[in-house]
Amino acid sequence: MTKIRVRVNGVEGSTHAGERLLDVLLRQGVSVPHVCYQENLGPIETCDTCFVEVSPLEDQSGERTSQLVRSCSYVLTGDLSCSTDSRDSLQARREGMQRILANHELYCTVCENNNGACVVHNTFAEMDIDHPSYAIEPKGYPVDDSHPFYRYDPEQCIACGRCVEACQNFQVNETLSIDWSMDRPRVLWDGGVEAGSSSCVGCGHCVTVCPCNALMEKGMISKAGLLTSIPRKVREPLISLTKAVEPATGLKAILSLSEAESAARRSQIRKTKTVCTYCGVGCSFEMWTSQRSILKVEPSPAGPANAISTCVKGKFGWGYVNAPDRLTTPLIRRGDRFEEATWDEALRHIGTSLRTIKDESGPDAVGLIASSKCTNEESYLMQKLARAVIGTHNVDNCSRYCQSPATMGLWRTVGYGGDSGSISDISGAGLVLIVGSNTAESHPVVAARIKRAHKLFGQKLIVADLRKNEMAERADIFFHPRPGTDLVWLGAVTKYIIDNGLEAREFIEEKTNDFELYRASIEAFTLDYAEQVSGVDAETLKAVAHEIVAADGVCALWAMGVTQHQRGSDTSTALANLLLVTGNFARPNAGAYPLRGHNNVQGASDFGSMPTFYPGYQPVDDESVVRRFEDAWGVTLPVRQGLDNHEMVDAIHRGEMRALYLIGEDMGLVDAHASHVQEAFTKLDFFVVQDLFFSKTASFADVVLPASPSVEKEGTFTNTERRLQRLYEVFEPLGDSRPDWRIIQDVARSLGAAWNYDHPSEIMDEAAALTPLFAGVTYDRLEGFSSLQWPVESDGTGTKNLYLDGFTFDDGRAKFFPLEFHEPSEAPDDEFDLHLNNGRLLEHFHEGNMTYRTQGLADHTPEAFVEISPELAAERGVQSGSLVRLISRRGAVKVKALVTDRVQGHELYMPMNARSNSSAVNMLTSSETDVATHTPAYKELAVKMEVLLGTGRSPLPKRNFRFGVRTPQPGVMVEEKWKRSDYVTPPQRRPVGRS
């Protein structure tokens, strides 16, 4: 980068060409007002408050030529002199702020946004303005209160366009716009419908970036200040009185009162950094609370995974925390009912029962299942309880249901079971390949980064999926393989690349092994064969191959559409092989990204809740590893490998496993062949369930322990990009509930262990000391928004990109892994003639145990449903709202139909948002599993359909965002504002009576 000189107000400095002037000024500590500019959004150029005067630093003609420029958008190209305090620049900025004040009433003392974060308030306070130049003219638009989570007040809107830029070009949902041709421009949803009936997905970006109180979280309204709860009929006269005295007192006097009130709020409002408890993206933010009320969630530019992004669940889906049906006291089964018990009673019962079973049948008669919703420290304690206290390796977590095949595919080929790089690498790739992932709904913040790179920076996008989801709609190439055939078309694309000499030959020769062995294994995967088996035409596969080869960096993303098959590990391996063939490992902006489903599904496995590995994937049969843990824990550890989730269920049915301790998992609904799993629960001699709510699984328990959610504990989560982040206690535990780490310790003590952890940091210290992968992880290094990506060296150096110094095998080389194709375990036939796919919804997480307790989410999507294609609907006489029965070889469910072109032909799609057996997709799924990892083959499911009621109300309300119509545009389109007859560039005064 070219280094250039910059003289600011006579002070010499330097920077690099290509930077924006405002960024340089702010970095140098020079105060320049700016309202519409936000570091993540970039220049919007609507507020006119950041004007400065610039001129060439050396003018060879001897003349001084200067100009006023908006510093937010002025890009430095050469040596420059800048004045922020010249007369013209001061006047221009004042004029810009006066125009803002003409569109925004300053009633800050009774405003919820008077909390130190209001950009309009803070910018105005910095400027020497005591009287408004323009009278406020009512715009004549009503408040839009239709959205369940926020409201829009056009009268307070300054039309800065931050929300539009965030929606169009950062989140890229493309719902918001400003119609500059309107008499009084305002923000529009889908071109002019109510927010609550639009394509708005409730991500909250618009509210987060709004610089005033025009967009406001409903959780803040009437709760955020000393005077904000004043009734409207009292508030409005107070505002009128303030305006009446303003000419005499000036704005500064009024501002001083509001600043005093704002300072008083600081004792009422607590801001606590935490990490989202939903998907694996790992969004971090501050949670604003007052007593036990959650006022709002405020993401920060410092958030390493998400910056200012959130999704509807992370921003607004916290109703479960204070839900009235939270478990708050232990329960013990007495016959057919549960009775409340003290913690001492419950723990004595657990200790006595587990000791008895262990003494009678041995430690392997006990199984433990950790939760991917819990912290790393809690996973560590769970596996330590299993191994060091009970004496068994029978411990697992829910990664068995989703991610284990992806991990296996990476272990086979490159060595680490984690994402190759970071979310920033995905957004920086030349091409993103998405296979079997509904990314926009399952991992919306990652999807936002892809959509942004695709829309603004020319990134190519290829999607292979059974459904035409949002990412498929946006893709440069979208194709629909037959269910269960991804391995075939992946093999064909790879073979085509090799056969045509397009492979990364140098990379293969220098950094890989077993290439010829792999090449021989895919000899049968011709384009014709792939077309015959997968249904994807050869020309499409050729185009895919050439796009991959031409791209400057390819990131492959996949999820449960790949992993939840009988050969999910093999398809994951095929993706890794393709990346190796094209040289897309061991470099930034490339690699494998199996998107983790739960918030801590990565960490639960990383920290040892697996039957074959100690923390850090250290094998349980490695003598040196065993010796290290025995020395540290002072025990003799078991030698026989343990059972995974799937094997535990079978062992219960065989009578070999008599007790189960399960944390934070509604296994009775989310495991495949749910009736088989529930029947197993009835055969247990002793069953402990630890959860937030009395779930379906808890109904089978002997003891139910009340746990605390993430906001009531401290600890760490590890997200999909291997990033460890701290979360802090927002609230004290509700009632008599306890954080899981405390409960696990209490259970260990009930069994005679002398554990004495006082804080999760002590648990992390112990884990790091025993686990080379986390050697340098400490709570001090994770303070605030700081994070580390494993492997972490002892000096605290993390790893953003894997394999830059070699792959994780003894010789440092990757391994190609030979593959062959096997037909799916279950396919449609003459009787069960429909294929049923299943997966997630944006607005609900899995079965909805948490999300249905937020009313806005429940109202938005109140029930489970099945998507049916228009052609199948016509064939069977079905319409949206029809009640149908889906029948598999194992069970039946009743759900309403939703007719949509997202699915095609005889393929159905059913979300997992069911809270009872009657509509739960896993009453239909089989016990077939991935042959390598025992992950259930959820996606290999044939059903038949009966129409029970031909008509009925649609399962999705008309206000659901899926019925909205987006309005894509390049952004705010500020040029349209500048063309208006009532706009002139500051410092000229605007025409009177217009904005």
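**Ground rules.** I am reading a predicted model, where local features need pLDDT of at least 70, side-chain atom pairs count only at pLDDT 80 or more, and totals for chains, interfaces and linings use all residues. I count residues from 1 along each chain as its sequence is written, and side-chain values use heavy atoms, with hydrogens and water left out.

**Entry: strand β32.** I looked up residues 834-839, which make up β32. Strands here are DSSP runs of E with at least two residues, numbered from the N terminus. I checked burial, where buried means under 20% relative accessible area (1.4 Å probe, protein chains only). Six of the six residues in β32 are buried. L834, L836 and N838 point one way. H835, N837 and G839 point the other way.

**Entry: partners of β32.** I counted a pair where DSSP finds at least two bridges between two strands. β36 (residues 907-911) runs parallel to β32, with five bridges joining them. There I found G839 bridged to P911 of β36. β37 (residues 942-949) runs antiparallel to β32 and is joined by two bridges. Here H835 has A942 as its bridge partner.

**Entry: strand β13.** I moved to β13 (residues 331-334), which pairs with β14 (residues 337-340) in the antiparallel sense over four bridges. The two form a hairpin with two residues between them. In the turn, G335 has a positive phi of about 70 degrees. I then looked up I332. Its bridge partner in β14 is E339. In β27, the bridge partner of I332 is V703. β27 (residues 703-706) runs antiparallel to β13, and two bridges join them.

Note on methods
Buried means under 20% relative accessible area, exposed over 50%, partly exposed in between (1.4 Å probe, protein chains only).
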